[in-house]
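Let's take a walk through this structure together. Keep the picture open while you read, and look for each part as it comes up.

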Amino acid sequence: MYYYNFSTLQYSVLYKVMVIKMNIQFKKGALELCVLSMIARKDRYGYELVEEISLNFEVSEGTIYPLLRRLTKEGVFSTYLMESTEGPPRKYYKLTPKGMQMKEDLVNEWNSFSNRMEMIIEGRGTTNE
Amino acid sequence: MSKKDYLTTIADNIRKLPKDEQNEIMMEYEEHFENAKLRGRSENEIAQKLGNPKLIAQEIILQYKITKAENQPSFNNLYKAVLATLGLGIVNLLGVLVPFIAGIVVIAALFIGSVYLLLSPLLLLIQDGFTADFAIKLPTAIGLVGFGLIILLGGIKLTTLGYRGMIAYLNINREWIRGESK
């Protein structure tokens with residue numbers, strides 16, 4: 001009896017850890033795509049992005065800045081400062097050609113992924129039809 | 001936490017980084033606080049939504065070290081990046097340190113093994129001296145030299161792959177730690 005209980009506990013903890021890890025990887029990819037497509041349409045500054053993303057997703061506000069920093073270092077964004085009437089000068093992010101390419105690739109990946117998910121959810125394209 | 005305390009905590013903890021890097025980062029968070037305050041948010045609430053400043057500083061340092069190891073490959077840089085990961089949680093002790101050490105052990109074994117094989121004719125000479133015995137065994141020893149070369153090349157290749165793999169692994173772990181501390 002005790003042995004049985006212990007192993008199911010182990011299993012569920014491991015499973016939860018796996019699910020959390022997968023969710024985080026997934027969220028990370030989703031966040032990247034958000035940021036890339038928003039900046040592709042228009043140059044943005046950091047706080048703007050934080051605000052807009054927080055409207056739709058529950059993310060810690062601290063996650064956006066490291067992401068922007070990393071992508072800038074990788075050459076996906078270029079930055080420039082612009083004076084603002086209301087507050088401190090704002091650092092704007094802009095897509096580089098490399099960033100444009102990356103955005104296209106991620107969008108295609110996302111589209112293909114969500115199409116396939118939709119098919120499975122709606123039961124299309126499976127053998128049990 | 002007040003804005004001043006929050007920014008001071010981050011600033012204190014990123015002092016290891018180059019000056020212009022530090023300035024850039026502090027400007028970002030300063031900008032964040034100011035823009036948020038313009039929206040009517042309180043400093044306490046802003047600080048809370050950003051998250052623990054010490055963890056943020058540690059993650060900044062980790063990211064910097066990983067990028068450095070990526071752009072300037074060296075054992076020292078990789079080692080520092082691994083150390084920075086460890087500072088972020090006990091889980092990493094097993095999950096990161098163990099593979100790292102295992103990798104070093106395997107690669108060291110390969111190199112030591114290959115050196116031994118490459119030296120085999122010399123070792124044979126030391127063992128047998130210039131005798132008929134030596135002459136008979138010599139071809140085999142020369143064969144072992146060839147074998148040693150293969151192992152050496154394999155070791156070099158494995159080091160390159162292992163280095164890149166370790167960096168990729170550190171990046172994945174960094175994402176996980178950040179997600180966990182949300």
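Start where the two chains meet: between chain A and chain B there are six salt bridges. Keep in mind that this is a predicted model. The idea behind such bridges is simple: side chains of opposite charge can pair when their charged atoms come close. One to look for joins the side chains of B:R41 and A:E61, with N and O 3.1 Å apart.

Which elements of chain A give two or more residues to the side that touches chain B? They are α1 (2-41), α2 (46-56), α3 and β3 of chain A. Of these, α1(A) gives the most, with seven residues. Sorted by class, that side of chain A has twelve nonpolar, six polar and twelve charged residues.

How big is the meeting place? The contact takes 30 residues from chain A and 29 residues from chain B, and the area buried between the two chains is about 2,600 Å². Carbon and sulfur atoms give 54% of that area. On the chain A side, A:Y47, A:E61 and A:R69 supply 24% of what chain A buries against chain B, more than any other three residues.

Over all chains, the count comes to 21 salt bridges. Here are two of them side by side:

| Salt bridge | N to O distance |
|---|---|
| A:E32 and A:R70 | 2.8 Å |

Strands of a sheet pair through backbone hydrogen bonds, either parallel or antiparallel. In chain A, three strands make an open sheet in the order β1-β3-β2, with antiparallel pairing. Because β1 (44-45) and β2 (77-82) stand at the edges with a single partner strand each, one side of each is left without a neighbour in the sheet. β2(A) pairs with β3 (residues 90-95) of chain A over six bridges, and A:F77 has A:L95 in β3(A) as its bridge partner. Helix α3 (residues 64-73) of chain A packs on the sheet, where α3 touches β2 and β3. The direction of α3 makes about 115° with that of β2(A).

How values were computed
Residues are numbered from 1 along each chain as its sequence is written. Chains are lettered from A and ligands numbered from 1 in the order in which they are written. This is a predicted model: local features need pLDDT of at least 70, side-chain atom pairs count only at pLDDT 80 or more; totals for chains, interfaces and linings use all residues. Side-chain values use heavy atoms; hydrogens and water are left out. Two strands pair if DSSP finds at least two bridges between them. Helices (H or I, at least four residues) and strands (E, at least two) are DSSP runs, numbered from the N terminus. Contact means heavy atoms within 4.5 Å. Axes are lines fitted to C-alpha atoms, for helices over the stretch in contact, and angles run from 0 to 180 degrees between N-to-C directions. Buried area is the accessible area (1.4 Å probe) that two parts lose on being put together, summed over both. A salt bridge is a side-chain nitrogen of Lys or Arg within 4 Å of a carboxyl oxygen of Asp or Glu. Ala, Val, Leu, Ile, Met, Phe, Trp, Tyr, Cys and Pro count as nonpolar, Asp, Glu, Lys and Arg as charged, and the others, Gly among them, as polar.
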